[in-house]
Amino acid sequence: LAVGKRLTERGVSVKYARTDDTEKKLNDRTAESNAWGAQYYLSIHRNSASPDATGNEIWVKSDATEKTVEKAAKILRAACEADGLRNRGVKKGAPSYTDFAVNKYTKCASGLLELGFITSTKDNAAWDRSFDKTADAIAKSLCEIVGVPWNKERRKGDVNGDGKVTTAD
């Protein structure tokens, strides 16, 4: 929601896959994004593993184009610069199967962004310390991806700008 707010303030059209903890099927989320004609689909999560796991990563489709990988890398670099966590890289596919649904079924470029590990004290401290800075960084990188200028001064009254981004949790 924080990233979407920053995008709409700058004239980017944002459609949320969901805005609360209500269950919504992944296929419904991606079908809505495809019907809307999103330019980028970003699913934002916190990772989970052993307490010593740390850092940010982003997942793309297993057969993602170089251009899609570059877009994902831009988002990941921005997040890592903002929160100071280790860049774990752009990863293709999914840990134990071919692709995450949000990457497999979207027609546009997409990424599943893991912002640190909720199981890590270090990552949780970075999350708390840099939440706003990280949301700004991700929104700025998405503006660049969809071709909408990022301005410190927020645009007023124009919430239907040129770019279209679907955000998910």
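Start your tour by selecting Tyr97: this residue is partly exposed, with a relative accessible area of 47%. Keep in mind as you go that the model is predicted.

Tyr97 and Phe100 form an edge-to-face aromatic pair, 5.9 Å centre to centre with 80° between the planes.

Next, bring in Trp59. Its ring centre lies 5.5 Å from that of Phe100 and the planes stand at 80°, so this pair is edge-to-face as well. Both Trp59 and Phe100 are buried. Colour by element of secondary structure and you will find Trp59 in strand β3 and Phe100 in the loop between β4 (87-92) and α4 (101-104), so the pair ties together parts that are 41 residues apart in sequence. With all three selected, you are looking at one aromatic cluster of Trp59, Tyr97 and Phe100.

Let's move on to the largest nonpolar core, which has 28 residues. Select Leu7, Tyr40, Ile75, Ile138 and Leu142, the members that touch the most others. Elements giving two or more residues here include α1 (2-9), β2 (40-47) and α3 (66-83), while α5 gives the most, with 7 residues.

Zoom in on Leu7. Leaving aside residues up to four places away in sequence, Leu7 touches Val12, Val14, Ala139, Leu142, Cys143 and Val165.

For a last stop, select Arg10 and Trp150: Arg10 lies over the face of Trp150, at 3.7 Å from the ring centre.

Key. Residues numbered from 1 in each chain as written. Predicted model: local features only at pLDDT ≥ 70, side-chain atom pairs only at ≥ 80, totals over all residues. Heavy atoms only, no water. Core = buried A, V, L, I, M, F, W, Y, C linked by side-chain atoms within 4.5 Å. Buried < 20%, exposed > 50% of the residue type's maximum accessible area, 1.4 Å probe, protein only. Helix = DSSP H or I, 4+ residues; strand = E, 2+ residues; numbered from the N terminus. Contact = heavy atoms within 4.5 Å. Phe/Tyr/Trp six-rings, centres within 6.5 Å; stacked < 30°, edge-to-face > 60°. Lys NZ or Arg CZ within 6 Å of the ring centre and 35° of its normal.
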